[in-house]
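Open your viewer, switch to a cartoon view and get ready to click along. Each stop tells you what to select and what you will find there.

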There are 2 protein chains.
Amino acid sequence: MAREWIELNAEILSAASVVGKKEREGPLGERFDLCDMTDRFGVKTWEAAESEMQRMALNTALAKAKCRDCDLGALFAGDLLNQCVGSAYGLLAFDVPYFGLYGACSTSAEGLLLASAMVTHGVFSRAAAVTSSHYCSAERQYRTPLEYGGQRAPTAQWTVTGAGAFVVGQAGASAEHARVVIRRGMPGRAIERGINDANNMGAAMAPAAEDTLARYFQATDTRPADYDLIATGDLGFEGGSILCELMQLRGYPLGDRYTDCGQRIYFREGQDVHGGGSGCGCSAVVLAAELIPRMRRGDWKRILFAATGAMMSPDSIKQGQNIPAIAHLIELVAE
Amino acid sequence: MAREWIELNAEILSAASVVGKKEREGPLGERFDLCDMTDRFGVKTWEAAESEMQRMALNTALAKAKCRDCDLGALFAGDLLNQCVGSAYGLLAFDVPYFGLYGACSTSAEGLLLASAMVTHGVFSRAAAVTSSHYCSAERQYRTPLEYGGQRAPTAQWTVTGAGAFVVGQAGASAEHARVVIRRGMPGRAIERGINDANNMGAAMAPAAEDTLARYFQATDTRPADYDLIATGDLGFEGGSILCELMQLRGYPLGDRYTDCGQRIYFREGQDVHGGGSGCGCSAVVLAAELIPRMRRGDWKRILFAATGAMMSPDSIKQGQNIPAIAHLIELVAE
C-alpha cells in the first residue's frame, strides 16, 4: 500500500492567478487574471507584496467559484519565505481553518493533493490550495539583494512573481463547462542525488520528478502515451532535459507530450531568464491560467501535473549539504 | 460545515521522544526514550543535530510499532528551521512519501490531524507524524548566536531540544495495552490580536488556543469538565495564564484540568527557563513521553491536545508586522 497512488475524486471548481510585470510580458501574459506592473501590489515590502498576491488570488478564486470564505472547510497553503510568512500573513483575512505546508516549489501539487483527499472523503465539502513566490523576496532571502546586481549562472532559474489559488469541491457540482477533476495523486518521496549547486535546482529536482513519474506509471500500469500532457512544475530547460533523459533510461520516454511550467512562462529569447522560471508560484499560475482553462476548452483531456521542489535552505548549502528534492503528482481529467 | 470538527478514528500505534540535556534534567527526564547529554547527536552542526533527532525519533517509533518504513503510507513532518530543513534532511533516509508541513509549534498536532484523517479514510493504512526543535539552531536562526550571550526577557520561552515521532494506524490493530485513539480533530484558524513582541510568544498564541478550544466546545457540545486533561502545546506560564482568563470570559473555565506542555517539561525554579518551554519539539515530546503513556496506564481517559504556533519570521517582525498564531486540536481517548 505504501507505494500506491491515491484514488481521488475532487473537482477544480475555480482557479485564479495573480502575477507581476515579467510574467505579464511572457507568452501567457494575457491569460493571467490579475497583474501589477510595478510588482509591488500597493504595499511597502516585497514580502508583503507576496502576501497580497495570495490574498488577491484566493479572493479571485472564491469569486469565480461563486462562494465565500465560510464555504471553505480549510486552506492548504505555502510559499518559499522563511516560516512561510507569505501565506501566514496573506491568508489571515480569511476566516478559514489553515494548514500550513512546506514543500518548496512542489507545494502547489502538495496542497491540491491534500485538499482533494480531504474533499474526496467528505472531510470538507470544499477546500482551497494557495501558493506564491515573488522574485524580489526570493532574491533577498536566497541569493543577494537586488541592488547587489549579481551575475546569474546559465543554469540559474528566475523565480516567478505570482500566486495561484484553487477551490476544489466534491465532483459533480457544476456543469457550465467541461469539468476538470483530480482523479488520482501520488505523493513524492524526498530524493537526493548528490547535487549541491544552488544555481542548478533543475538538476537537483529532476531525479525526484523521475522517481514520482516512474512509480506512478508502474503503479497505475499506464504509459506516457496514455496522457495528453505531462507537465512538471519548474525544472526549467536544464532540469527538463535531464528528466527526459532519465525517463528514457527508465523505459518511459516522455516525448512531445512533456512540458515544464518553468519553460512555458517566459520567452526564452528576449526575457533573459537563463534556465527558465521557478518558484512556488510558477507551477501554480501556469496550471491556473493555461492548463486548466485549456482542458476545459478541450485541448487536453488527461494530464499529469508533477510540481517539483528543492528543500534545501541557504544555511544547509553553506554547511555543505546536498539538495534534497521532491515531486508531488496529481492526475487531472476533463469530463 | 466549514466550522465543524473532523471525525477521526486512528490509533496511535507508537510514540517516541528524543531530547537533549536540559530536557533530560527536567521533571519528565526519565520518561524520554533517547537523550544526548551533549545536545550534538554525533554530528557537526546544530541543524544536523536537529535532523538526527528526527531520524532517531522515527526509527524508535517504527521499532516500537514493530514496523518498517515501507509499512508507512506517508510522513507528515515539519520543524522551525528556515525551509524546514530539520525534517527534509532528517527523514531523507526513509523511503516514504513525504508531506512537508509548516505550522510553527502547532506542527505536532497539524501532522497528527492530517495523518489521522488519511488513516481514518483508508488513504494510508499507517502514517507517521514527526516534528523537532533544537535550542541552539533556534537561537541562531531566530535570536542571536549562543556566543552573544544576550539577556532573556522574563516572558521569553526556552526552545526545547527534542523530536517526537508518532505512528498512527487504523484503529483496532493492537491490544497489548489500552489503546489511545485519535477520535476527533479541529484545525486551527490563523489569529492575530495585535501582539508584536517576539519575546512574548505565549501572549500571541493564547488567543489562537482560545479560538480553537471555544469553537471545539461549541461544535461538539461539550464542556471542559468532559475531559480529564486539556493540554496546550507551548503557551508557557505567561500564555497559559492568559488562555485561562480568556476561556473564563468565554464561559468555558478550564480549571485544574488545564495544563501546558511548556509548563511541564522544565523545573520552573532552578532551570532558568523564564516563560517555560516552547518549540515544535516541546508538545511532541511531552505528548510522546508523558501524556500517551499515562493514558495507556489509565491516568487519563479523554484528553484534548491543542498545539499552538506563532507563524511570524524574524524578518516579518523587523518589518513591523504583528504575530499571527494558530492552534490545531486533537481529541485522544484511551480505550
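In which loop of chain A does P97(A) lie? Select P97(A) and follow the chain both ways: P97(A) sits in the loop between α3 (85–90) and β4 (98–100) of chain A. Keep in mind as you look that this is a predicted model.

**Stop 1: around P97(A)**

Show the surface around your selection. P97(A) counts as buried, because its relative accessibility is 2% and the cut-off for buried is under 20%. P97(A) and A307(A) are 210 residues apart in sequence, and their C-alpha atoms are 24 Å apart in space.

**Stop 2: helix α2 of chain A**

Next, select residues 46–64 of chain A, which form helix α2. This helix has 19 residues and reaches 27 Å from its first C-alpha to its last, close to the 27 Å expected at 1.5 Å a residue. Is α2(A) largely enclosed or open? It is largely enclosed by the rest of the structure, because 15 of its 19 residues are buried. Just after α2(A), click on K66(A), which takes a positive phi of about 50°.

**Stop 3: helix α7 of chain A**

Move on to residues 236–249 of chain A, helix α7. With 14 residues, α7(A) spans 20 Å from first C-alpha to last, close to the 20 Å expected at 1.5 Å a residue. Colour G236(A), F237(A), G239(A), G240(A), L243(A) and M247(A), which are buried. They lie on the same side of α7(A), because they cover an arc of only 165° around the axis.

What do the buried residues of α7(A) pack against? Show α6 (201–220), β9 (229–232), β10 (258–260) and α8 (261–264) of chain A, and you have their packing partners. Then turn to the other side of α7(A), where E245(A), Q248(A) and L249(A) are exposed. Following α7(A) comes G251(A), with a positive phi near 85°.

**Stop 4**

Select H274(A), in the loop between α8 and β11 (277–278) of chain A. Its phi is positive, about 55°, although H274(A) is not a glycine. H274(A) counts as partly exposed, at 29% relative accessibility.

Now jump to chain B and pick A104(B), in the loop between β4 (98–100) and α4 (107–120). A104(B) is also a residue other than glycine with a positive phi, near 50°. Is A104(B) buried or exposed? A104(B) is buried, with a relative accessible area of 1%.

**Stop 5: the nonpolar core**

Select L58(A) and L58(B): of the 135 residues in the largest nonpolar core, these touch the most other members. Leaving aside neighbours within four places in sequence, L58(B) is in contact with L72(B), L75(B), L91(B), F94(B), A128(B), V130(B) and A165(B). Apart from this core lies another of 112 residues, among them I12(A), A74(A), I182(A) and V285(A).

**Stop 6: where the chains meet**

Give each chain its own colour. The contact takes 61 residues from chain B and 60 residues from chain A. About 4,900 Å² is buried between them, and carbon and sulfur atoms give 62% of that area. How many salt bridges are counted between chain B and chain A? The count is two. Zoom in on D95(B) and R189(A), whose side chains meet in a salt bridge (2.7 Å, N to O).

**Stop 7: salt bridges**

Over all chains, the whole structure has 36 salt bridges. In chain B, show the side chains of D33(B) and K64(B), which meet at 2.9 Å, N to O. D33(B) lies in the loop between α1 (21–24) and β2 (34–35) and K64(B) in helix α2, so the pair ties together parts that are 31 residues apart in sequence.

Another salt bridge joins E335(B) and R179(B), with the closest N and O atoms 2.9 Å apart. This pair links distant parts of the chain: E335(B) is in the segment after β13 (325–334) and R179(B) in the loop between β7 (162–170) and β8 (180–186), 156 residues apart. E335(B) is partly exposed, at 37% relative accessibility, whereas R179(B) is buried, at 17%.

Note on methods:
Residues are numbered from 1 along each chain as its sequence is written. Chains are lettered from A and ligands numbered from 1 in the order in which they are written. This is a predicted model: local features need pLDDT of at least 70, side-chain atom pairs count only at pLDDT 80 or more; totals for chains, interfaces and linings use all residues. Side-chain values use heavy atoms; hydrogens and water are left out. Helices (H or I, at least four residues) and strands (E, at least two) are DSSP runs, numbered from the N terminus. The expected span of a helix is 1.5 Å times one less than its number of residues. Buried means under 20% relative accessible area, exposed over 50%, partly exposed in between (1.4 Å probe, protein chains only). The arc is that of the directions from the helix axis to the C-beta atoms. Contact means heavy atoms within 4.5 Å. A nonpolar core is a set of buried Ala, Val, Leu, Ile, Met, Phe, Trp, Tyr and Cys residues joined through side-chain atoms within 4.5 Å. Buried area is the accessible area (1.4 Å probe) that two parts lose on being put together, summed over both. A salt bridge is a side-chain nitrogen of Lys or Arg within 4 Å of a carboxyl oxygen of Asp or Glu.
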